[in-house]
Amino acid sequence: MKLSNFNLIVPLGEKRILFNTLSGHCVEIEEEVADIISSNKIDLLPPQLVRDFVNLGIIVEESYNETAVIKYYHDKEKYSSNMLLSTVLLTWGCNLKCVYCFEGSDHNFHNMNFTEANKYIKFLKKQAIENRYSHISICLFGGEPLLNFDMAKYILDEVRDFCEKKDLTYSCFVITNGTLLSDEVLEVLLYHHCNMIQVTLDGIKETHDSRRMYKNAQGSFDDIIANLKMLNARKNDVHSVIRVNIDKTNLAETYALLKYIGKNGMNLTNCTVDFGIVRGSTESCAAYSGHCLVEEEIGEVLYDLWSAAEAEGFKYNIRPMRKWLYCGLYSDNQFTVTPDCEVYKCWEHAGQKEHLMGTIDEDGNLVNIQYTFYEWMSHDPLAIKECRNCVYLPVCGGGCGVISYNKEKNYHVPGCFKVKGVVEKQLLKYFEDSLR
Ligand code: SF4
Ligand code: SF4
């Protein structure tokens with residue numbers, strides 16, 4: 001018998017939490033047991049505890065190859081989905097001018113037109129048929145996707161017809177700045193099985209308006225709150241997510257924002273608050289990076305924010321989850337398509353030619369496939385020394401490709417983000433909540 005390579009020990013007052021990131025089991029243990037595990041002296045453990053630990057995957061057979069388990073599930077998730085998930089940037093344009101926007105302003109605000117939409121629709125159909133997907137999920141994104149809502153309707157109508165004929169299901173979700181939502185827009189989205197609308201707020205009015213303003217410098221806060229209230233009134237029909245982008249300049253204000261939205265009745269079970277960490281990671285926002293939180297601070301910051309959000313009535317399921325891929329965009333079934341039908345993996349890379357994966361031709365084929373595509377798809381955390389030996393690997397999946405590339409112009413290096421230090425805080429929160 002030997003100890004698993006994936007035992008993480010986290011202090012909890014005088015006790016310790018022992019979390020096996022591979023099996024997903026966590027237990028509370030005494031400090032002396034933690035010391036025995038840390039010093040790898042398995043023989044000092046009482047026999048009953050050894051038996052319990054075997055059941056929990058904390059102790060495994062000598063011959064058990066844990067990396068083979070990870071490899072299997074990693075590859076399975078990468079190549080065996082039955083769902084096509086495509087993000088479509090309906091426009092490069094936006095009606096806001098946010099201080100940190102990664103999409104910058106050098107894309108001449110091109111909107112997807114009918115010719116491009118038809119190529120995209122054919123691409124979706126071909127992908128669905130060739131890969132025998134049973135579900136198509138479309139993420140409407142931009143720019144601000146609702147600026148080109150007619151094209152969204154056209155695409156969704158066509159996908160609906162196709163799915164009905166082929167006996168597939170489909171759904172959509174929207175990532176929007178929230179300013180252009182209306183009852184009419186919502187009705188169309190719900191008709192097309194919209195299951196989530198994500199809207200961004202960056203603070204209470206003054207702060208939000210100084211970060212997310214219209215082109216004429218007017219703030220967007222009041223419009224977004226009015227539209228969130230409209231979504232809230234339809235809480236039985238759609239799940240809304242309030243995304244709060246955090247950096248050093250708005251962290252303190254975020255607590256006031258949580259109070260505000262809680263007081264305004266948005267703390268209902270069908271509305272969640274998601275805390276995004278602003279990263280000055282791409283060229284267009286690199287100048288902003290001095291305001292971003294550093295990796296070591298994120299766990300502490302999130303822990304406090306989760307607690308504050310819960311105090312306002314928002315619900316969380318904080319327990320760390322296994323993740324065979326850090327991000328779905330590492331899998332074969334997910335793409336991001338720009339208004340001019342360029343295909344990328346991650347939307348943070350959209351428009352950056354060094355990350356172009358290919359283009360869509362008139363017949364909906366993915367053509368002009370770049371070497372970058374194979375580089376991205378061959379990402380294997382078990383081939384990266386730091387990841388292979390990392391206790392977090394089963395709850396991380398090997399990190400974000402954008403972070404990796406920004407570090408070393410290479411997808412095959414660790415892309416640690418929101419994992420180290422965050423998992424520990426998730427465990428603490430989970431235990432504290434379960435003791436209540
Ligand atoms: S990306 Fe970082 S946290 Fe994730 S497995 Fe690799 S080294 Fe560990
Ligand atoms: S930024 Fe990283 S984690 Fe986010 S979608 Fe892109 S690759 Fe995935």
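Predicted model: local features only at pLDDT ≥ 70, side-chain atom pairs only at ≥ 80, totals over all residues.
Let me start with ligand 1. Of the 14 residues around ligand 1, those that come nearest are C387, C390, C396, G399 and C416; a residue counts as near a molecule if its C-beta atom, placed from the backbone, lies within 6 Å of it. Two elements give two or more residues to this shell, namely α12 (385-388) and α13 (393-396). Helices here are DSSP runs of H or I with at least four residues, strands are runs of E with at least two, and both are numbered from the N terminus. By class, the shell around ligand 1 holds 9 nonpolar, 3 polar and 2 charged residues. In this scheme Ala, Val, Leu, Ile, Met, Phe, Trp, Tyr, Cys and Pro are nonpolar, Asp, Glu, Lys and Arg are charged, and the others, Gly among them, are polar.

Residues are numbered from 1 along each chain as its sequence is written, and chains are lettered from A and ligands numbered from 1 in the order in which they are written.

Which residues surround ligand 2? They are C327, L329, C346, E348, C400, G401 and V402. Sorted by class, the ligand 2 shell has 5 nonpolar, 1 polar and 1 charged residues.

I turn now to the domains. The assignment, which comes from an automatic or database source, gives domain 1 (2-64) and domain 2 (82-311). Their centres, taken over C-alpha atoms, are separated by 41 Å.

Next, the helix pairs. Helix α4 (residues 114-130) and helix α5 (residues 149-166) cross at roughly 30°, and their axes come within 10 Å. Axes are lines fitted to C-alpha atoms, for helices over the stretch in contact, and angles run from 0 to 180 degrees between N-to-C directions. The angle makes α4 roughly parallel to α5; angles under 35 degrees count as roughly parallel, over 145 as roughly antiparallel, 65 to 115 as roughly perpendicular and the rest as oblique. On the α4 side the contact is made by A117, Y120, I121, L124 and K125, and on the α5 side by M151, Y154, I155, E158, V159 and F162. Residues are in contact if their C-beta atoms, placed from the backbone, lie within 7 Å. This contact has 9 nonpolar, no polar and 2 charged residues.

Two backbone details belong to this region. R132, in the loop between α4 and β8, has a positive phi of about 55° although it is not a glycine. The peptide bond from G142 to G143 is cis, with omega near 25°, and G143 is placed in the loop between β8 (135-141) and α5.

Helix α10 (residues 295-311) takes part in two further pairs. With helix α9 (residues 251-263), the angle is about 15° and the axes are 10 Å apart, which makes α9 roughly parallel to α10. Here L251, T254, Y255 and L258 of α9 meet V301, L305, A308 and A309 of α10, a contact of 7 nonpolar, 1 polar and no charged residues.

With helix α15 (residues 422-435), α10 packs at about 30°, the axes being 8 Å apart. These helices are therefore roughly parallel to each other. The residues of this contact divide into 6 nonpolar, 1 polar and 4 charged.

Technical notes: Contact = placed C-beta atoms within 7 Å.
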